[in-house]
Amino acid sequence: MPPSNWNVLDFEKPIAELDNQIAEIKRLTQEQGQDRSADIAALECDRDRVIEEVFSNLVPWDRVLLARHPKRPYTLDYARVIFDDYVELHGDRLFADDHAMVGGVATLDERQVMFVGQQKGRDLKDRQYRSFGMAKPEGYRKALRMMKLAEKFKRPVICFVDTPAADCSVDGEGRGISEAIARNMMEMSALETPIVAVVVGEGGSGGAIGIAVADRVLMLENSIYSVIPPESCSAILWRDPSRFKEMAAALRITSSDALALGVVDEVIEEPLGGAHRNVEAAARAVKSAILRHLGELEKLSPRKLLDARYKKFRAMGVFEDLSKKRKAEVVEQ
Amino acid sequence: MTPAPWFRSRGRAARRTARQGVDALPDGLWTKCPGCGEILFNKELVKNLRVCNKCSHHYRLSAQERIQITADEGTFTEIETGLVTVNPLDFPDYESKITRDRARTGLEDGMVVGTAEIAGRPVALGVTDWFMGGSMGSVYGEKVSRLIELAVKKKMPVVIFTMSGGARMQEGILSLMQMAKTAAAVAQLGKAGLPYIVVLTDPTTAGVHASFASLGDFIFAEPGALVGFAGARVAAQAGLISRPADFQTSEFQLEHGMIDRVVSRREMKSTLTKVLDFCSTTVIPSPELVEGSKEAADAA
């Protein structure tokens with residue numbers, strides 16, 4: 001961790017303070033040549049204890065902040081560790097190349113895979129270049145084009161989801177953002193090749209599900225998956241944007257919520273203090289989870305794979321069916 | 001920048017007027033058209049399919065009214081009744097809102113599905129009511145999926161009239177999953193080679209527009225309907241304020257190639273009939289016929 005107070009969340013401040021102390025001692029060690037490894041070890045131990053304490057008391061809104069953390073690894077940060085021989089592909093062959101949606105062919109150990117995902121930018125210029133990870137219609141069409149290529153050459157698809165929402169600009173509307181997302185979901189539900197999606201940061205609404213109709217949907221521990229950002233929902237439903245923290249809890253958007261509601265198949269544990277504190281370790285955890293699920297999926301015949309995928313999404317939703325109860329009542333009468 | 005107080009109160013008044021148009025007709029004989037301000041005689045308005053005869057403003061219809069003007073008389077049989085909402089997230093005030101809208105509409109959810117005939121042609125028909133803003137929660141998504149699955153089983157075309165503000169926020173992520181669920185169901189319909197016709201009515205936005213409503217083989221829209229992805233309030237939250245005047249209307253979507261036609265209510269039934277006839281050669285005969293011919297083949 002760089003000893004910097006920039007980009008530190010409020011609840012991370014005590015951790016950052018200890019980080020700074022450790023860095024300072026390390027610097028002095030180098031300059032003065034004294035061995036203070038015992039002090040460092042003690043401080044590191046302290047710091048880890050503080051992290052554990054802080055992270056065991058996180059409220060849902062804190063998870064939102066972590067999912068949007070400016071230091072959080074983005075799609076390409078994971079790709080760099082997970083894949084080898086990555087060849088990025090561009091364009092939807094219809095209109096443009098969307099920089100908010102990246103992807104290409106890559107190798108995952110000995111497998112050839114197609115990889116697709118939303119990409120956010122790190123600094124101001126980069127963020128604008130990536131449209132803040134908000135993909136336009138051409139982004140979704142680019143993603144679909146690549147998935148169709150994967151289907152043609154019988155390679156699995158790995159999707160990384162990290163978007164606040166799909167683009168909602170006037171231009172995007174004119175080129176059919178709704179149609180692009182809807183078509184992706186429809187085509188993905190019938191794509192004859194295994195698909196694994198990983199929500200690595202923000203799973204923002206239609207923008208997320210537009211590349212997440214997968215055989216297995218995995219989610220990093222501190223990522224979120226929501227139908228609407230809590231701020232917007234609070235503004236619309238309660239006509240009070242200031243109650244976003246409460247709304248973050250009410251919407252049940254954390255990874256453990258998504259798992260409990262049957263929306264994701266597995267939550268991937270993050271390194272202590274969040275993925276941004278150890279990108280390598282986080283990416284390795286993601287990689288091993290992907291490999292495990294791909295191994296299982298590759299055993300299925302294409303037909304079984306598609307049946308299972310359809311059933312998976314078909315079963316989502318919670319409601320009560322009174323018709324059987326009513327029939328029983330009629331019989332009794 | 002906040003609007004001046006007088007401006008806001010005028011906005012409220014306008015919303016009130018609009019809402020009067022949305023809900024059932026106010027008691028009395030006359031209605032003021034929210035489109036042109038014309039005073040309309042209620043009986044005349046109903047006879048005119050609830051379209052203003054001066055400016056052709058299309059009033060929103062209840063599910064019942066939509067069935068009445070779309071299906072042949074007495075042919076609609078509702079299916080999948082008895083699916084009711086629970087509160088899966090324990091979302092505050094959700095149950096009370098459901099109870100309120102149930103009392104107001106007499107329906108269990110916004111989506112009403114069944115089988116019907118349109119000019120003698122059998123269809124699987126879905127219509128929507130202004131229930132919880134027409135929002136799509138688990139029940140809504142389930143009904144759309146079951147309607148489509150029934151059509152696949154019975155080899156019927158599907159016609160759905162959409163009216164929705166989007167995914168139901170109170171069911172959170174489960175509502176988002178209904179988008180995937182309904183889109184996957186439409187894929188099954190495509191695999192079976194069956195026609196799927198969507199009619200977008202005011203308003204069709206967000207989660208519904210970005211799922212099964214945009215996947216029709218044929219997509220029609222009523223004139224002047226609000227049709228689009230992100231609602232004004234969501235877009236404003238995302239920092240997008242300036243939007244052109246005709247933005248997200250049926251006509252905008254037509255101009256941008258996203259729908260086949262803007263069809264007035266008066267011409268809807270005949271348009272649907274023509275399109276159904278165009279598709280009928282691709283429709284495989286009903287199951288009785290298939291079984292019958294199989295037996296005949298076996299006997300031979």
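Student: Helices (H or I, at least four residues) and strands (E, at least two) are DSSP runs, numbered from the N terminus. So what follows α4(B)?

Tutor: Gly106(B) follows α4(B), and its phi is positive, near 75°. Keep in mind that this is a predicted model: local features need pLDDT of at least 70, side-chain atom pairs count only at pLDDT 80 or more, and totals for chains, interfaces and linings use all residues. Residues are numbered from 1 along each chain as its sequence is written, while chains are lettered from A and ligands numbered from 1 in the order in which they are written.

Student: Which residues of α4(B) are buried?

Tutor: Tyr94(B), Ile98(B) and Asp101(B) are the buried ones in α4(B). They cover an arc of only 70° around the axis, which puts them on the same side of α4(B). The arc is taken from the directions from the helix axis to the C-beta atoms. Buried means 20 or more other C-beta atoms within 10 Å of the residue's own, exposed means 12 or fewer, and partly exposed is in between; C-beta atoms are placed from the backbone.

Student: And what does the face turned away from the buried side of α4(B) carry?

Tutor: Exposed residues: Ser96(B), Thr99(B), Arg100(B) and Ala103(B). On the buried side, the cover includes β4 (83–85) of chain B.

Student: How far apart are the end C-alpha atoms of α4 of chain B?

Tutor: They are 17 Å apart. Helix α4 of chain B runs over residues 94–105, and at 1.5 Å a residue its 12 residues should span 16 Å, so the two values agree. The expected span is 1.5 Å times one less than the number of residues.

Student: Zoom out. How many helices and strands are there in chain B?

Tutor: Chain B has 11 helices and 11 strands. Of its 300 residues, 46% count as buried. Take the contacts in chain B between residues at least 6 apart in sequence: 69% of them join residues at least 24 apart. A contact means that two C-beta atoms, placed from the backbone, lie within 7 Å.

Student: Next, the interface. How many residues of chain B are in contact with chain A?

Tutor: 52 residues of chain B, against 50 residues of chain A. On the chain B side, the elements giving two or more residues are β4, α5 (138–154), α6 (172–191), α7 (206–209) and α8 (232–237). α6(B) has the largest share, 14 residues. By class, the chain B side divides into 31 nonpolar, 17 polar and four charged residues. Ala, Val, Leu, Ile, Met, Phe, Trp, Tyr, Cys and Pro count as nonpolar, Asp, Glu, Lys and Arg as charged, and the others, Gly among them, as polar.

Student: At what angle do α5(B) and α6(B) pack?

Tutor: About 10°, with their axes 9 Å apart. The two helices, α5(B) and α6(B), are therefore roughly parallel to each other. Axes are lines fitted to C-alpha atoms, for helices over the stretch in contact, and angles run from 0 to 180 degrees between N-to-C directions. Under 35 degrees counts as roughly parallel, over 145 as roughly antiparallel, 65 to 115 as roughly perpendicular, and the rest as oblique. The contact of α5(B) with α6(B) has nine nonpolar, six polar and two charged residues.

Student: Over to chain A. How do helices α4 and α13 of chain A pack?

Tutor: Helix α4 (residues 75–82) and helix α13 (residues 279–297) of chain A pack at about 75°, with their axes 9 Å apart. That makes α4(A) roughly perpendicular to α13(A). α4(A) gives Asp77(A), Tyr78(A), Val81(A) and Ile82(A), and the α13(A) residues in the contact include Ala283(A) and Lys287(A). By class, this contact of α4(A) with α13(A) has six nonpolar, no polar and four charged residues.

Student: How many residues of helix α3 of chain A are buried?

Tutor: Six of eight, so helix α3 (residues 60–67) of chain A is mostly covered. Among the buried residues of α3(A) are Pro60(A), Arg63(A) and Leu66(A). The buried residues pack against β5 (195–204), β7 (224–226), α10 (230–237) and α11 (244–250) of chain A.

Student: Ala180(A): buried or exposed?

Tutor: Ala180(A) counts as buried, with 29 C-beta neighbours inside 10 Å. Its place is in helix α8 (residues 177–189) of chain A. Not counting residues up to four places away in sequence, Ala180(A) touches Pro137(A), Tyr140(A) and Arg141(A).

Student: Last one. Where is Gln112(A)?

Tutor: Gln112(A) is in strand β3 (residues 111–118) of chain A. This residue is partly exposed, with 14 other C-beta atoms within 10 Å. Leaving aside neighbours within four places in sequence, Gln112(A) is in contact with Val105(A), Thr107(A) and Arg155(A).
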